[in-house]
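Here are my notes for you, one topic at a time. Keep the viewer open and click along as you read.

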There are 2 protein chains.
Amino acid sequence: MNGAELLIKTALASGIEVCFTNPGTTEMPLVLALDGVPGIRTILGLFEGVCTGAADGYGRMTGKPAMTLVHLGPGFANGVGNLHNARRARTPVLNLIGEHATWHRAVDPPLHMDIEALTAVVSGWHRTCGSVETISGDVTDAIIASLQGQISSLIVPHDHQLAESKGKVAALPAFSSRRADEGAVEKATMILRQRSRSLLMLGGRALSKNGLAAAARIKAVTGCDLFTETFPSCWERGAGLPVVERTLYQPGQSNTLREYPAVILAGMEEPVTFMGLKGFDSRILGRDQEKVSLAAPGQDVVGALERLADALSAPNGSRLPKGLLAEFQPPALPGGKLTVAKACQTLAALQPEGAIVVDEGITSSSAYLPVTQRVAEHTMFTIGGGSLGWGMPCAIGAAVACPDRPVIGFQGDGSTMYTVQALWTQAREALNITTLVLSNRSYHALQLNLDRFGITSPGPVAKAVTELERPSIGWVKIAQGLGVPAVSVATAEELAREIRIALAESGPHLIEMVLQ
Amino acid sequence: MNGAELLIKTALASGIEVCFTNPGTTEMPLVLALDGVPGIRTILGLFEGVCTGAADGYGRMTGKPAMTLVHLGPGFANGVGNLHNARRARTPVLNLIGEHATWHRAVDPPLHMDIEALTAVVSGWHRTCGSVETISGDVTDAIIASLQGQISSLIVPHDHQLAESKGKVAALPAFSSRRADEGAVEKATMILRQRSRSLLMLGGRALSKNGLAAAARIKAVTGCDLFTETFPSCWERGAGLPVVERTLYQPGQSNTLREYPAVILAGMEEPVTFMGLKGFDSRILGRDQEKVSLAAPGQDVVGALERLADALSAPNGSRLPKGLLAEFQPPALPGGKLTVAKACQTLAALQPEGAIVVDEGITSSSAYLPVTQRVAEHTMFTIGGGSLGWGMPCAIGAAVACPDRPVIGFQGDGSTMYTVQALWTQAREALNITTLVLSNRSYHALQLNLDRFGITSPGPVAKAVTELERPSIGWVKIAQGLGVPAVSVATAEELAREIRIALAESGPHLIEMVLQ
């Protein structure tokens, strides 16, 4: 058994089930080991950002890492953008990076780069494997670190992959997230009892069904309001679940949150604005508000919420007052020429129970949230780190993790283009993903930003770099060229028809929504 | 005048003429400054790797930096792969990266990343601008550093871009490359006089017309053989120039170079193999060969070659012996079903004088070199760092630098897909680029690598990750969707017809060459 085989055996024994890869020569022993040690589903991406984004989507749905396998420093670099998003979402990810043989690295060959320095930028845990004897323990160390909600990156030199080993497969230690402090639960209990008006902010697993069930119980006895973190990583929503408002992230948009005398932070840090704008505080909450961290990221926030509900003598789920949980009331189908609002209403009216909605709609997303509070139960991802080109790769990971659930990508046209190669993998793996491209033919977020600076008639350069025209992007042809059936629609009726077709047929589809 | 305007004024005064950008909100003051201080041509890329690759192509042709303008850490990360290629090619590049306002960065907002650590991985020079007062000097420092043949990366916080400045535009100091040591010229002279059989290896600007003219003179009096570095960055070739053999870079391929008793290295380090393979030395030359570094990278290698030629009393160009310079003898047009060899012959037969050939053909490239030694004079780029997705972006930069010269991209299908977004910029800017995609529907380099390991019938995983089938890539549709006219050809006759059409029409074209 060589090092590569020992590594793959260890990964398999530790629960790794999927590998998203774009390998090169230095990773070929690991590719061969994936053939020799069956059990890990290996999926090719034509660009590394597809692989790392897919690992993000997989980790969000399963709570455990997918493996990526990428080629040296340049290959890893191509995946950094989406690893940044995964890092901000606290998604577990295990990256394997092949490295030149140690004796070859010494001559600084053309592809050589300081991979460790690069991995350090986005990884909570990183290491270069020092010999074949440590390889199995390196993998379990990496996986345990990733399960804490971070990126683990293990660099594996080619000679260690090929070296013969008599080593044994290391066992993965048991892992469970840390219990939140009793003092925090007590303090939150006291505040919620004393304050007439409190805010309970939910992040990470607090937005899972169990977390939301406990939050609903707390709301039932305290009347607290529920808000999300700014970029929920995996948010259960819809009928049967409590309505949680999203905390808006642009400067000034969430000023009303400062009116609550007390704030409980569950599974999240204190929220900050996305961009900085002169005259606005970077912190969304005020200095004078009383704040309690019920559970920090990485702690067992669901357990903490349940303990808090119990301490408040909250009723259990079956005895919650009517009206606390959303009832099924989807919006009616709109008609006429497509606008962002009509696109959102149409999707809301048709999206099936169990849908996983990957939201990279950027400026178009805000219209989607209010119309989907009372649709069928679904899961929503948002783009944790703001690095564009995340949605279509992430949808791959969600679809691989949950093959029986429809995945819907809600995509801006600008953001979709960054990792358009993802469509090919969606086609090859026949994944049930419907990508809705909001074609506004611009980087609309930048145009809004110019507005904020008072630029109402931008010059030729500002116009040229914020418009996606000359030429307009032919989404249907691009998708078809990558193997995905595609259509373009300009009315709400056409959109409804095409969404129904896409959801009824298996495999991926793309619908370009030409907005007015 | 704010900091952004001062920065752009300084760049313009220092000779910056082009900006390849994919900006975000933190770069908008710089975008507005590009409108307010006209004179820099600003070109949008839909992915940052397009921008950095274009800067590489521009720098190779002009010897001076293009500017890139990218968004925070994630935007820069998307450009790292092609900056790695530029770094290996010693191309001057000036990167500007917007950063959050310093007061906003302090709260670790979602897009925040350790940008300095990231820039350090690929930059010879990097700095975060500390205040509006230093901004002009920061830019000239960055440009001077880049002119030494390296990547300069300047991070500019948003508040410093917006701050008012009374500062003056800093003057760029005069720059010229360092003169090579007299001792090196003397030693090379002595060796070439003493040794019966010597090898003169040419890298960097040694492969320019002036460098080659001096090399031809040296060959005329010494009979030395001429070879390139492994990955020439900007290589003048064809009729009227001396024939220089390319040094092949895979282990064992260049063993015959060890037979020369003496080697002169002009404008390059000692060559190493691309990959490491057990049983093969990473160094291409032998330990016992006598070696002289005539001029190191960054030194004036053309001047050193001319001094060496003079010291050898070599004839000047007009009195060189017949046969030393290639005569115009293009190959005949082949016919029948396309193979790699026929594709190369067809291109060789038709490529016009002054063509710039960007070679990212990977495994298909070796057949191109021998058939183009005697075609019309042309310039050839190779992929310095081996990071895929370089060719089409690089072609953009070459076409912007030399609008009157046809640019021909010789592309593998696998490598083309990494930065396929480049086609959109080629269309928007109406650049005279003909992209020839060698469609072998595989990562053929990886299949060859499996062969080297003795794997003749790879398992399902190894097959799946090295084949670009299921689905096959529809190049014509993808190109058309991105605004570039495209056709697919399967015979040499069709290819010849389509190359003629593409070269005769202005603007970009893509030709898929379906290989047998």
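1. Residues are numbered from 1 along each chain as its sequence is written, while chains are lettered from A and ligands numbered from 1 in the order in which they are written. This is a predicted model, where local features need pLDDT of at least 70 and side-chain atom pairs count only at pLDDT 80 or more, but totals for chains, interfaces and linings use all residues.

2. For chain A the mean pLDDT is 97, and 100% of the residues reach 70 or more. The model as a whole scores ipTM 0.98 and pTM 0.98.

3. Now the overall build of chain A. You'll find 20 helices and 17 strands in chain A. Its radius of gyration, taken over C-alpha atoms, is 24 Å; the globule rule (2.2 Å times the number of residues to the power 0.38) also gives 24 Å for 516 residues, so chain A is as compact as a globular protein of that length. Along the principal axes, the C-alpha trace of chain A spans about 65 × 60 × 45 Å.

4. What share of chain A counts as buried? Call a residue buried if 20 or more other C-beta atoms lie within 10 Å of its own, exposed if 12 or fewer, and partly exposed in between, with C-beta atoms placed from the backbone. By that test, 64% of the 516 residues of chain A are buried. As for contacts, two residues make one if their C-beta atoms, placed from the backbone, lie within 7 Å. Among contacts in chain A with a separation of 6 or more, 81% are between residues 24 or more positions apart.

5. On to where the chains meet. 76 residues of chain A are in contact with 75 residues of chain B. On the chain A side, helix 4 (residues 72-88) gives the most, with seven residues. By class, that side of chain A has 45 nonpolar, 24 polar and seven charged residues. For these classes, Ala, Val, Leu, Ile, Met, Phe, Trp, Tyr, Cys and Pro count as nonpolar, Asp, Glu, Lys and Arg as charged, and the others, Gly among them, as polar.

6. Have a look at A:Ala464, which sits in helix 18 of chain A. With 19 other C-beta atoms within 10 Å, A:Ala464 is partly exposed. Setting aside its neighbours within four places in sequence, A:Ala464 is in contact with B:Thr42 and B:Leu44. A:Ala401, by contrast, is 63 residues from A:Ala464 in sequence and 40 Å from it in space, C-alpha to C-alpha.

7. Two spots deserve a backbone check. Most residues other than glycine have a negative phi, and most peptide bonds are trans. Yet a cis peptide bond joins A:Arg470 and A:Pro471, with omega about -5°; A:Pro471 lies in the loop between helix 18 (460-466) and helix 19 (475-481) of chain A. In chain B, B:Arg470 and B:Pro471 are likewise joined by a cis peptide bond, with omega about -5°. Then there's A:Ala430, not a glycine, but with a positive phi of about 50°. A:Ala430 is in the loop between helix 16 (422-428) and strand 15 (433-439) of chain A, and it counts as partly exposed because it has 14 C-beta neighbours inside 10 Å. B:Ala430 also has a positive phi, near 50°.

8. Is helix 11 (residues 301-311) of chain B mostly covered or mostly open? Mostly covered: nine of its 11 residues are buried, including B:Val301, B:Leu305 and B:Leu308. The cover includes helix 9 (182-194), helix 10 (209-222), strand 10 (262-266) and strand 11 (290-295) of chain B. After helix 11 of chain B comes B:Ser313, with a positive phi near 55°.

9. Last, a helix pair. The axes of helix 12 (residues 340-350) and helix 20 (residues 492-504) of chain B come within 10 Å and cross at roughly 35°. Those axes are lines fitted to C-alpha atoms, for helices over the stretch in contact, and angles run from 0 to 180 degrees between N-to-C directions. Residues in the contact include B:Thr346 and B:Leu347 of helix 12 and B:Leu495 and B:Ile499 of helix 20. By class, this contact has seven nonpolar, one polar and two charged residues.

Conventions: Helices (H or I, at least four residues) and strands (E, at least two) are DSSP runs, numbered from the N terminus. pLDDT is the predictor's confidence in each residue, from 0 to 100.
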